Amino acid sequence: MSITPRKLGPETVYPVGLGCMNLHHGYGPPSDEAEAAALLNEALDMGYDFLDTATIYGFGKNETLIGKALKDRQGEFVQASKCVMLFEDGKRKLDARPESIKAACEASLKRLQRETIDLYYMHRPDPNVPIEDSMGAMADLVTEGKIRMVGLSEMGAGLLRRAHAVHPVTAMQSEYSLLTRNPEIAVLDACKELGVTFVPFSPVGRGYLADNPPAPKDYHEADMRRIFPRWTEPYWTENLPLLKQAQEMAGDMGVTTSQLAIAWTLVKEPDCVPIPGTTNRKHLRDNFKAAELVLTEAQMALLDNVFQPEAVKGPRYNAMAQASVDTEQYAFETEA
């Protein structure tokens, strides 16, 4: 089946990219290095050509893994990484000062064993630094040949427009799935207006939109979902009736629920490039093949109706995490 690539700045990429966070961070202990390297190489063999990482993933170890495992294959894929969310003495910190952004880029280049990072995101907004100052540093990195394209992550339409006025923004990354539709409030329209590619992370709802999603009691002690309300009780159970309808549709189609969820994002936003992550080889293949699914208008309408934003129980972030992002919220969320 012929798949139409999607635009990412001057590049075109396969419609489904690979989020690499899971290999070191987020949902459990780090993967075995040899196994992780093999998965990355299998992904390229399969046809993945857009890989996403960040300084903070594994406190630099994720970038180091990619640099080592794919050193001889750099010409086969677009590499994205992120700055601003950093680490010092094993602790996270947020720093979008121009000098910090430039230092972070130099460190990422060394770990990735690259001369240039294709797409470099500001991972989060820094309330202590005007976005214009930070974008000035990103623009300098483009001029110096250290990065090719500039991206933003977890920011709303207002910051996107301010940033874009300083230097063109190529991509906006934020959470988007059947469970989390907040980008539909404003930032998706802003991306279309400015010619920015939207990159949905967690299109499988952090593993919830699956045939057999893990229950909260089974989360590893290092699993970040333990502190995200929507993925804990009582909300995890309260959203099961919605999930069941997606599972039934997927079963009728002969696909996995995760494939259906990814396909929904691809149809909903024809220019977006979702980046599901996984440590599982079968899921890697399933996610890739989600680009082949064709959903009818009736199927899209049913999913849209079942997963209306107000029908999904529980906030995606706790108060502390929500305060660290600039994504729009629905009125019913802020009034809760």
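Student: Let's start with a single residue. Which residues does Cys-20 touch, not counting those up to four places away in sequence?

Tutor: Keep in mind that this is a predicted model. With sequence neighbours up to four places away left out, Cys-20 touches Leu-40, Leu-51, Asp-52, Asn-62 and Ile-66. Cys-20 itself sits in a loop, the one between strand S3 (18–19) and helix H1 (33–46).

Student: Is Cys-20 buried or exposed?

Tutor: The cut-off for buried is under 20% relative accessible area. Cys-20 comes out at 1%, so it counts as buried.

Student: Now salt bridges. How many does the structure hold?

Tutor: There are 30 salt bridges. Take Glu-33 and Lys-68, whose closest N and O atoms are 3.3 Å apart. Glu-33 belongs to helix H1 and Lys-68 to helix H2 (residues 61–69), so this pair ties together parts that are 35 residues apart in sequence.

Student: And how accessible are Glu-33 and Lys-68?

Tutor: Glu-33 is partly exposed, at 46% relative accessibility. Lys-68 is exposed, with a relative accessible area of 58%.

Student: Which salt bridge does Asp-52 form?

Tutor: Asp-52 meets Lys-82, at 2.5 Å from N to O. Here strands are linked: Lys-82 lies in strand S5 (residues 78–83) and Asp-52 in strand S4 (residues 50–52), so parts 30 residues apart in sequence are tied together. Both Lys-82 and Asp-52 are buried.

Student: What about salt bridges that share partners? Which residues do they join into one network?

Tutor: Start from one pair and follow the partners. Asp-118 bridges to Arg-114, with 3.5 Å between the closest N and O atoms, and both Asp-118 and Arg-114 are buried. Through shared partners, Glu-11, Arg-114, Asp-118 and Arg-148 form one network.

Student: Now a charged residue without a bridge. How far is Asp-126 from the nearest side chain of opposite charge?

Tutor: For a case like this, look at what else the side chain reaches. Asp-126 is buried but has no salt bridge, and Arg-97, the nearest side chain of opposite charge, is 6.5 Å away. The Asp-126 side chain does reach the backbone nitrogen of Ala-96 at 2.9 Å, and also that of Asn-128 at 2.9 Å.

Student: Where does Asp-126 sit, and what does it touch?

Tutor: Asp-126 is in the loop between strand S8 (117–122) and helix H4 (131–143). Apart from residues up to four places away in sequence, Asp-126 touches Leu-94, Asp-95 and Ala-96.

Student: How should I read a helix, then? Which residues of helix H11 are buried?

Tutor: An α-helix has 3.6 residues a turn, so residues three or four places apart point the same way. In helix H11 (residues 297–306), the buried residues are Gln-299, Met-300, Leu-303, Asp-304 and Val-306. They pack against helix H8 (240–253) and helix H9 (257–268).

Definitions and conventions
Residues are numbered from 1 along each chain as its sequence is written. This is a predicted model: local features need pLDDT of at least 70, side-chain atom pairs count only at pLDDT 80 or more; totals for chains, interfaces and linings use all residues. Side-chain values use heavy atoms; hydrogens and water are left out. Helices (H or I, at least four residues) and strands (E, at least two) are DSSP runs, numbered from the N terminus. Buried means under 20% relative accessible area, exposed over 50%, partly exposed in between (1.4 Å probe, protein chains only). Contact means heavy atoms within 4.5 Å. Lys and Arg count as positive and Asp and Glu as negative; His and the chain ends are not counted. A salt bridge is a side-chain nitrogen of Lys or Arg within 4 Å of a carboxyl oxygen of Asp or Glu. A polar contact is a pair of N or O atoms within 3.5 Å; within protein, one must be able to donate a hydrogen and the other to accept it, and residues adjacent in sequence count only if both atoms are side-chain atoms.
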